[in-house]
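Dear colleague,

Please find the structure below, handed over for your use. My notes on it follow directly after.

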Amino acid sequence: MYINEKTGYLIVLLILAASVLGICVNLLLLRPVFKSLTYIRDQTNKIANNEFEIIDSITFPSELKELSKDINDMSKKLNRTFKSLHESEQEKNSMIEQLSHDIKTPITSINTTIEAILDGIIPKNEVRHHLNIMNHQTERLNSLVEELTYITYSNSRKTDLFENVFVDQLIIDVLSEFEVQLRKEHREVKINVNPNGASIYTKKEQVYRILFNLVNNAIKYSNDGTEIIINAAIEENKLRFDVTDFGKGINSSNLENVFQRLYRVDESRNSTTGGHGLGLYIAKELVEQLGGNISVKSQESKGSTFTFTLPIDKGACDSCEK
Ligand code: ADP
């Protein structure tokens with residue numbers, strides 16, 4: 001087919017015009033996309049600088065709208081994580097401050113007593129008495145350091161493996177640590193496990209530690225010769241432990257605070273118990289890590305029952321492995 005020169009120019013002109021129009025339409029359509037992309041880039045830069053702002057103005061195109069939603073979710077999560085890290089950092093600092101004070105007090109006292117003995121200020125017949133006091137103070141220091149070490153390593157223990165644990169054996173293992181003391185104090189410990197041979201799929205070391213701390217307190221805060229009862233029973237999909245003593249009990253005004261870190265009911269701060277307000281805090285932390293609950297019922301001068309429940313199997317617990 002023959003196209004004359006004029007028609008040829010016209011076709012080229014039309015093609016050029018169509019291309020320019022195409023580019024203009026494209027630019028017009030892509031403009032909001034570029035705008036959204038620039039906005040998202042700015043926001044991600046802000047997130048990189050720890051500014052967790054929410055992207056709210058992207059409506060087009062739908063893919064970028066989805067992307068901005070994901071970035072918003074991520075930003076919220078990061079914000080929460082940073083906040084809780086900041087809070088736990090502050091908590092840690094205040095804990096270190098308090099513990100430094102707690103550690104310093106017996107060390108200063110031991111130091112002063114040693115100097116007094118060396119300088120002959122303390123009469124010879126009183127030296128033994130002061131050595132006993134120092135012995136007690138070093139025990140306090142020891143248990144304080146032990147609890148501190150445990151706090152540090154209980155966080156890294158979150159990765160411990162789950163295993164099948166026989167409840168009666170666990171209780172016997174814990175009690176064996178107190179065997180000598182129980183015998184010396186003429187105590188009877190009653191154990192009821194229902195059903196016999198009950199087992200739980202859990203992190204053994206953690207449950208051991210929870211029970212250990214509760215039994216330790218039951219012994220510490222009750223008199224020689226009084227009974228201690230440990231009940232364990234499966235209820236629905238939970239295992240419930242009760243540790244009961246017939247000792248000092250806890251005043252109702254102190255009850256809700258006893259699980260707080262470093263909280264001690266005043267009376268028990270005295271040197272006979274050597275407590276540091278960490279045992280119940282650790283127990284609560286561990287119970288919660290395992291997806292359970294811990295509570296206490298107590299009556300002053302009558303005794304206390306500490307109760308904790310744990311999900312029987314891993315499937316029953318969403319937060320177990322966090
Ligand atoms: P502590 O090392 O001081 O014993 P805990 O965190 O284990 O720290 O306990 C906190 C406080 O709760 C204790 O100081 C004590 O006063 C009180 N308490 C804990 N268990 C018992 C109990 N079985 N009977 C009475 N008081 C208790």
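Ser301 sits in the loop that joins strand E6 (293-299) to strand E7 (303-311); helices (H or I, at least four residues) and strands (E, at least two) are DSSP runs, numbered from the N terminus. Although Ser301 is not a glycine, its phi is positive, at about 70°. Ser301 is exposed, with a relative accessible area of 63% (buried means under 20% relative accessible area, exposed over 50%, partly exposed in between, with a 1.4 Å probe and protein chains only).

Please note that this is a predicted model, in which local features need pLDDT of at least 70 and side-chain atom pairs count only at pLDDT 80 or more, while totals for chains, interfaces and linings use all residues. Residues are numbered from 1 along each chain as its sequence is written, and side-chain values use heavy atoms, with hydrogens and water left out.

On confidence, pLDDT is the predictor's confidence in each residue, from 0 to 100. The protein chain has a mean pLDDT of 85, and 88% of its residues reach 70 or more.

Most residues other than glycine have a negative phi, and most peptide bonds are trans. His186, in the loop between helix H5 (179-184) and E2, has a positive phi near 50°, and His186 is exposed, with a relative accessible area of 65%. The peptide bond from Asn194 to Pro195 is cis, with omega near -5°; Pro195 belongs to the loop between strand E2 (189-194) and strand E3 (199-202).

Finally, how do helices H4 and H6 pack? Helix H4 (residues 167-176) and helix H6 (residues 204-220) meet at an angle of about 55°, with their axes 10 Å apart; axes are lines fitted to C-alpha atoms, for helices over the stretch in contact, and angles run from 0 to 180 degrees between N-to-C directions. H4 is therefore oblique to H6 (angles under 35 degrees count as roughly parallel, over 145 as roughly antiparallel, 65 to 115 as roughly perpendicular and the rest as oblique). The residues in contact include Leu170 and Ile171 of H4 and Val207 and Tyr208 of H6.

Yours sincerely

Notes: Contact means heavy atoms within 4.5 Å.
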